[in-house]
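Please open the model in your viewer and keep the sequence beside it. The stops below go from selection to selection, with what is found at each.

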Amino acid sequence: MRAPEHVPVMPNEVVEYLQPQAGRTYVDGTIGSGGHSKVILEHSGPDGRIIGLDRDPAQLEVARERLAEYADRVTLVRESYDRIREVLSDLDIENVWGMLIDCGVSRDQLAGRTVGRGRGFSWWGEDEPLEMTYDPDQPTKAADLLNELSERELKALFGRTLRGQEVGRVTRAIVRERRQEPIETTGRFTEILREALGFAGRDPEERIPAAYLALRIAVNDELETLRRGIEAAVDALRTGGRLVVLTFHSLEHGLARQTLRKLEGGPIGPPRLIGGPERDAKVEYLTPKPLFPSESEVENNPAARSARLHAAQRV
Ligand SMILES: C[S@@+](CC[C@H](N)C(=O)[O-])C[C@H]1O[C@@H](n2cnc3c(N)ncnc32)[C@H](O)[C@@H]1O
């Protein structure tokens with residue numbers, strides 16, 4: 001078996017908020033290497049169930065191997081978590097006691113371990129094709145966006161994570177370079193970024209990850225998927241069921257908060273008229289201040305550093 005490298009983030013807090021129990025069904029919307037699912041299964045023995053989703057079939061294989069001892073309690077489905085309602089309906093399940101969404105890319109995907117080759121998620125590794133899609137069969141790859149979007153669209157894409165002059169410099173460099181030859185690999189993209197971001201005494205290496213993040217978010221439509229996914233997850237929960245979301249950068253943190261706040265109900269605004277129309281509450285927001293990983297966790301797993309945990313209970 002390919003032992004997974006990915007270490008699940010904030011596992012104790014996930015269990016504390018998901019409250020897994022025997023006899024109940026939980027959804028792991030992003031099963032990845034199966035780390036969180038294993039912990040949930042351990043806490044819901046002997047007959048708690050997991051429905052595990054992932055867009056990456058190679059990750060589903062890693063999860064299948066890792067969870068082999070629990071095979072009769074696990075159902076794996078290749079699907080995006082924002083389609084959880086359709087998945088449950090296909091499985092003839094009305095609702096579930098909990099769902100976890102652990103955003104982003106797993107360490108195993110970054111290292112190119114799952115499919116035996118890198119798919120362009122990492123800027124530091126070997127020269128790789130610039131794909132960056134969780135679903136390897138998705139036809140539009142990151143390179144297609146770089147080579148086909150208009151300058152204006154590229155500005156909007158990189159404007160999500162780059163700041164000030166960085167946006168224009170990166171966009172202009174891409175448009176200039178792709179005229180010579182399409183940009184197809186991480187090596188070439190990183191070289192372009194290094195040149196464009198190294199100005200006014202800045203260290204380009206510090207900003208290259210932000211440009212990669214913008215491209216990954218765009219090619220996988222990650223923000224819209226997260227918003228839809230949280231709403232779908234809440235609809236899939238039974239009363240008293242719990243949703244836990246792990247986010248890793250400010251765009252995700254903000255979106256998770258904003259979506260859960262909206263689902264808490266309250267006045268439909270602005271303007272927030274006293275006695276105006278109200279939206280019914282679907283959840284109680286359990287973590288209006290999201291949780292951080294402990295210092296000792298960050299020491300042992302630096303990848304957990306930027307994590308925030310959001311939790312809500314279906315009402
Ligand atoms: C951070 S990893 C999850 C790691 C997992 N919690 C563990 O402990 O091993 C995120 C996973 O979500 C998957 N993913 C990304 N977007 C997805 C989506 N929209 N639907 C389902 N899975 C998705 C990725 O392929 C990746 O395997």
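Is tyrosine 134 buried or exposed? Tyrosine 134 is buried, with a relative accessible area of 9%, where buried means under 20% relative accessible area, exposed over 50%, and partly exposed in between, using a 1.4 Å probe and protein chains only. Before going further, note that this is a predicted model, in which local features need pLDDT of at least 70 and side-chain atom pairs count only at pLDDT 80 or more, while totals for chains, interfaces and linings use all residues. Residues are numbered from 1 along each chain as its sequence is written, and side-chain values use heavy atoms, with hydrogens and water left out.

Rings of Phe, Tyr and Trp (for Trp, its six-membered ring) pair if their centres lie within 6.5 Å, and planes under 30 degrees apart count as stacked, over 60 as edge-to-face and the rest as tilted. The count by this rule is 4 aromatic pairs. With centres 5.7 Å apart and planes at 25°, the rings of phenylalanine 121 and tyrosine 134 are therefore stacked. Both residues lie in the loop between helix H5 (107-110) and helix H6 (142-148), 13 residues apart; helices (H or I, at least four residues) and strands (E, at least two) are DSSP runs, numbered from the N terminus.

Next select tryptophan 123 and tyrosine 212, whose ring centres are 5.7 Å apart with planes at 55°, so that this pair is tilted. Tryptophan 123 sits in the loop between H5 and H6 and tyrosine 212 in helix H10 (residues 204-219), so the pair ties together parts that are 89 residues apart in sequence. Tryptophan 123 is partly exposed at 31%, whereas tyrosine 212 is buried at 1%.

Now move to H8, where the buried residues include Glu166, Val170, Ile174 and Arg178. The buried residues of H8 pack against H6, helix H7 (151-159), helix H9 (186-197) and H10.

For the last stop, select aspartate 82, in the loop between strand E3 (74-78) and helix H4 (84-90), which is buried with a relative accessible area of 14%. Its side chain makes a polar contact of 2.5 Å with the side chain of serine 80 and another, of 2.9 Å, with that of arginine 228. A polar contact is a pair of N or O atoms within 3.5 Å; within protein, one must be able to donate a hydrogen and the other to accept it, and residues adjacent in sequence count only if both atoms are side-chain atoms. Leaving aside residues up to four places away in sequence, aspartate 82 touches Thr225, Arg228, Gly229 and Ala232, contact meaning heavy atoms within 4.5 Å.
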